[in-house]
Structure formats: C-alpha cells, structure tokens
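Please look over the structure below before reading on.

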Amino acid sequence: MSTAGAVLRKDLLVELRTLETVPAMWLLSVITYVIFHFGLGKDTLHGQLAAGVLTVTLLFAAMLAVNRLFVAEREQGGFDAFLLAPVDRTAMLLAKAAALFIFLAALELVAIPAFALLLAPPSLGGSLPALLLFLLLANLAFAVIGTFVSAIAVHTRARDLIGPIIGLPLLLPALIATARGIGPLLVHNASGSPSAKWLAVLALYDLVNALLAVGLFDFLLEE
Amino acid sequence: MTTHVRHLRGLTIATAVTVTAALILVFFYAPLDAEQGFVQKIFYLHVPLAIVSLIGYCLGGVFAIGYLRTGERVWDMRSYCAIHISLIFSVAGIIAGSIWAKASWGHWWLWSEPTLVSYLIVILLFCTYQPLRFSIEDPERQARYAAVFSVVAGAFVPINFIVVRLSVAYVHPRILNLEGGALPGSMKLTFYISLLGIALLFATLMKYEMAAKEMRIETRRLRRALLGDDAIRPLGRTASPS
C-alpha cells in the first residue's frame with residue numbers, strides 16, 4: 001500500500017510540476033463542446049442527447065490521460081526500476097488507477113461546470129448528486145480499464161493507436177450504462193433520482209474489471 | 001516432429017458428413033417458413049455461425065489462461081487459432097444476419113436489436129487482436145500480452161451481451177429459450193444438425209491452421225539445422241505465433 005502511495009505521489013507531483021495532462025484535458029473538453037454546438041446546431045441540449053455529448057466528451061478527454069499514463073515509465077526506465085524493487089506489482093496498478101481517477105475528477109471539475117454553462121438545460125441542480133454518483137462509477141471504470149489498456153499499449157510500436165482501439169470497445173458497456181443512466185437526469189425538471197438498473201450495471205462492470213485487472217496485471221509487467 | 005494436432009482425418013470426415021447432412025436437411029427436409037419463405041433458411045447458417053464464433057472467442061480466453069499458467073507456446077497457438085477462426089466465422093455470421101434482417105424486417109441494420117449490436121461490438125473488440133499482436137515484436141511478450149487481452153476480451157463477451165440487451169427492447173425471435181422455442185420439430189432438428197456441423201467445421205479449421213503453423217515452424221527449424229543460420233532469412237514481423 002505504501003508502495004502504491006509512493007508511485008501515486010510521484011505521478012501527482014510530476015503532473016503538478018509539468019502540468020502536461022490535465023490542462024490539455026480541460027481544453028479538449030471545452031473545444032469538444034464547441035464542436036458539438038456547431039455540429040448539432042443547438043444552443044442547449046437535454047435528455048439523451050445531452051448525456052451522449054457529455055459522455056463522449058469525457059471519453060475523448062480521458063483517452064488523452066490514458067495515452068500518457070505510462071509514457072514516463074517507459075521512456076525513463078521506471079518499469080525496470082519498479083521490477084528491480086522488492087515490491088508487490090499490483091501496487092503499480094493501484095497507483096496508476098488512482099492517478100487516472102484523480103485526473104478524471106480534475107477534468108470533471110472543469111468539464112461539468114463548462115457543460116452546464118455552455119450546453120446543458122437550465123435548472124440542473126436537483127440532478128447533480130445523482131449525476132456525480134454516475135460519474136464516480138464511470139470514472140472507476142475508466143480508471144481500471146484505462147490503466148489496463150495503457151499498460152498493454154505502452155509496449156507496442158503504435159501505442160497511440162493500439163490504446164484507443166482496444167480501450168473503446170472495452171469501455172463500451174460502461175459508456176452505455178453512463179449515457180443511459182444520466183440521460184433522464186438531464187431533462188427539464190428531472191426527478192433527480194438515479195436509475196438503479198444502470199448504477200448496478202456500472203458497479204458490476206467496475207467490479208468485474210477490477211478483479212480481472214488485479215488478476216492479470218502482473219503478466220503485463222514481466223520482462 | 002512434435003505435433004499437437006491429432007485425429008485430423010477423422011475430424012475432417014465427420015465434418016464433411018455432418019455439413020453435407022445439414023445442407024440436405026436445410027434444403028430438402030426443413031419446411032418453408034410460412035411468413036418469410038425461402039430466405040428464412042439463412043437462419044440455419046447465421047445462428048450457428050454466431051453461436052460457434054462467440055463460444056470460440058470464449059475458448060480463446062480459456063486457452064490464453066492455459067498459456068499464462070503454463071507458459072507453453074502451444075496454448076498461445078490454440079488461443080490465436082481459436083480467435084482467428086472465430087473472427088472469420090463472426091464476419092460471415094454478421095453478413096448472413098444482415099441479409100436475413102433485410103429480408104425479414106426490411107432493414108440491413110437495426111439498432112433496436114441487441115443481439116446484432118452487441119455482436120458488432122464484440123467483433124470490433126476482437127478485430128484489434130491481430131493489430132495488437134502485430135505491434136509487439138518480441139514473440140514472448142507478444143504471446144503474453146495477447147493472452148492477457150484474450151482473457152479480458154473473453155470475459156467481456158457475456159457481459160457485453162447483458163448490458164446491450166438491457167438497453168433495448170427485443171425484436172429478435174427468441175430461438176433458444178428455456179422452453180425450447182416455438183420452432184416445429186423438423187426445423188429444430190435441422191437447426192441442431194447445422195449447429196453441430198458448424199461447430200465441427202470450427203474445430204477442423206482450427207486444427208488445420210494449427211497443423212499448418214506447426215509444420216511451418218518445424219520446417220524452418222529443420223532448414224536452419226541443415227543449411228545453417230545464414231541461409232534462412234530472418235523472420236519478419238508477424239501477428240501469428242512463430
């Protein structure tokens with residue numbers, strides 16, 4: 001656990017000092033809203049359309065972080081150092097998934113208010129707790145699958161290409177559940193109560209993938 | 001030489017007999033569908049292809065577990081061949097399904113049909129298997145990463161079907177429900193023989209592919225032993241186990 005903490009602290013420190021990933025994610029999310037505004041020709045979105053735009057925007061921004069997650073380890077020999085150290089290898093998965101989760105939360109700190117400001121229907125306040133609940137579970141899915149995919153992709157020749165093409169289909173069930181779940185929350189005068197079915201699907205998907213990742217991650221770190 | 005392929009001849013004969021029997025049943029025994037007519041017969045090809053390819057994907061994952069546990073290359077070969085043949089079967093299956101959908105519902109593609117949509121997602125996921133392998137040069141790492149991918153993707157197949165099914169209402173006829181479906185007996189018999197035929201075809205093709213690959217590797221080894229390392233061109237980048 002302390003190993004995971006150390007790797008996580010290192011990642012967050014690197015991000016704080018270089019400001020490479022998170023600001024890029026913020027910019028990408030806002031620019032995606034602008035593109036959707038012109039592409040769809042609408043000033044405000046609501047219901048399933050709004051949910052789709054929000055989910056896709058978060059997905060695109062998340063892919064930036066996923067692509068960059070292991071690049072420093074690969075380029076500067078962090079993998080070798082980690083393998084030489086007498087520590088549990090699952091710590092790397094934990095640390096990276098936690099880092100990705102924090103990046104995504106930081107993204108949403110800007111992306112959700114920007115969405116509310118630019119595209120969302122007025123009076124969303126009542127739906128906010130349920131929306132955050134969905135985002136929490138969706139972030140978990142992104143974090144686990146993203147870490148896993150990134151660890152595979154970083155050792156391939158075309159890593160910027162392999163990451164998204166494997167990651168998107170694997171994330172699809174989580175994206176379906178998120179988009180379908182938050183759709184009813186983004187209509188005028190929404191009741192604000194989340195759909196239990198989609199919360200359960202998301203939670204189950206998170207759990208299954210977390211178990212698979214814990215079971216299989218060690219094989220991705222061997223030399 | 002060591003080979004892991006056995007009973008190839010018997011299996012080939014059994015496949016040829018079953019597939020021929022299935023074709024005879026489809027064209028001369030099974031009754032014409034009252035509403036859809038002759039085009040309904042594509043069902044005997046489409047559904048078995050889909051079922052067998054999905055089982056094949058899961059098998060690929062199971063073989064991959066074998067590789068991760070034992071580290072023997074033959075498991076990687078099995079996993080690769082199972083996924084390879086499944087991919088071919090599922091592309092054929094989705095094309096056949098699309099033709100059937102056009103004939104019976106009037107559309108080539110229906111988003112309201114969860115089976116089609118989740119099948120497409122599974123195909124899209126497994127289409128990345130070969131590019132992934134191709135982009136990793138070291139054969140040992142290639143096998144290991146491909147195995148990890150196959151396990152996750154194999155587990156993804158049933159989950160994906162459940163999630164997509166939850167998101168839309170049915171329009172597909174439920175053929176294989178617990179009550180045995182609403183098919184008349186003659187159609188059911190034809191369907192099961194077709195299913196058996198396609199499953200045997202899958203096993204045979206997979207074994208032939210493994211036999212060909214093992215033969216190629218063995219030939220290469222022998223040539224190298226006979227002619228020396230310099231006479232053999234180095235192996236190029238490849239997606240298949242080598």
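## Where the chains meet

The contact draws 24 residues from chain A and 24 residues from chain B. Here two residues are in contact if their C-beta atoms, placed from the backbone, lie within 7 Å. On the side of chain A that touches chain B, the elements giving two or more residues are helix H8 (159-182) and helix H9 (196-221) of chain A. H8(A) gives the most, with ten residues. That side of chain A divides into 18 nonpolar, two polar and four charged residues. Ala, Val, Leu, Ile, Met, Phe, Trp, Tyr, Cys and Pro count as nonpolar, Asp, Glu, Lys and Arg as charged, and the others, Gly among them, as polar.

This is a predicted model: local features need pLDDT of at least 70, side-chain atom pairs count only at pLDDT 80 or more, and totals for chains, interfaces and linings use all residues. Residues are numbered from 1 along each chain as its sequence is written, while chains are lettered from A in the order in which they are written. The predictor gives the complex an ipTM of 0.87 and a pTM of 0.88.

## The core

The largest nonpolar core holds 132 residues, and Ala141(A) and Ile152(A) touch the most other members. Such a core is a set of buried Ala, Val, Leu, Ile, Met, Phe, Trp, Tyr and Cys residues joined through C-beta atoms within 7 Å. Buried means that 20 or more other C-beta atoms lie within 10 Å of a residue's own. Helix H7 (residues 128-153) of chain A supplies the largest share of this core, 17 residues.

Which residues does Ile152(A) contact, leaving aside its neighbours within four places in sequence? They are Ile166(A), Leu220(A), Tyr145(B), Val148(B) and Phe149(B).

## Chain B

Chain B has seven helices and zero strands. Helices (H or I, at least four residues) and strands (E, at least two) are DSSP runs, numbered from the N terminus. Of the 242 residues of chain B, 37% count as buried. The C-alpha trace of chain B spans about 70 × 40 × 30 Å along its principal axes.

The table gives mean pLDDT, the predictor's confidence in each residue, from 0 to 100.

| Part | Mean pLDDT |
|---|---|
| Chain B | 86 |
| Helix H4 (residues 114-126) of chain B, lowest among its elements | 88 |
| Helix H2 (residues 43-70) of chain B, highest among its elements | 93 |

In chain B, 92% of residues reach a pLDDT of 70 or more.

Conventions. A residue is buried if 20 or more other C-beta atoms lie within 10 Å of its own, exposed if 12 or fewer, and partly exposed in between; C-beta atoms are placed from the backbone.
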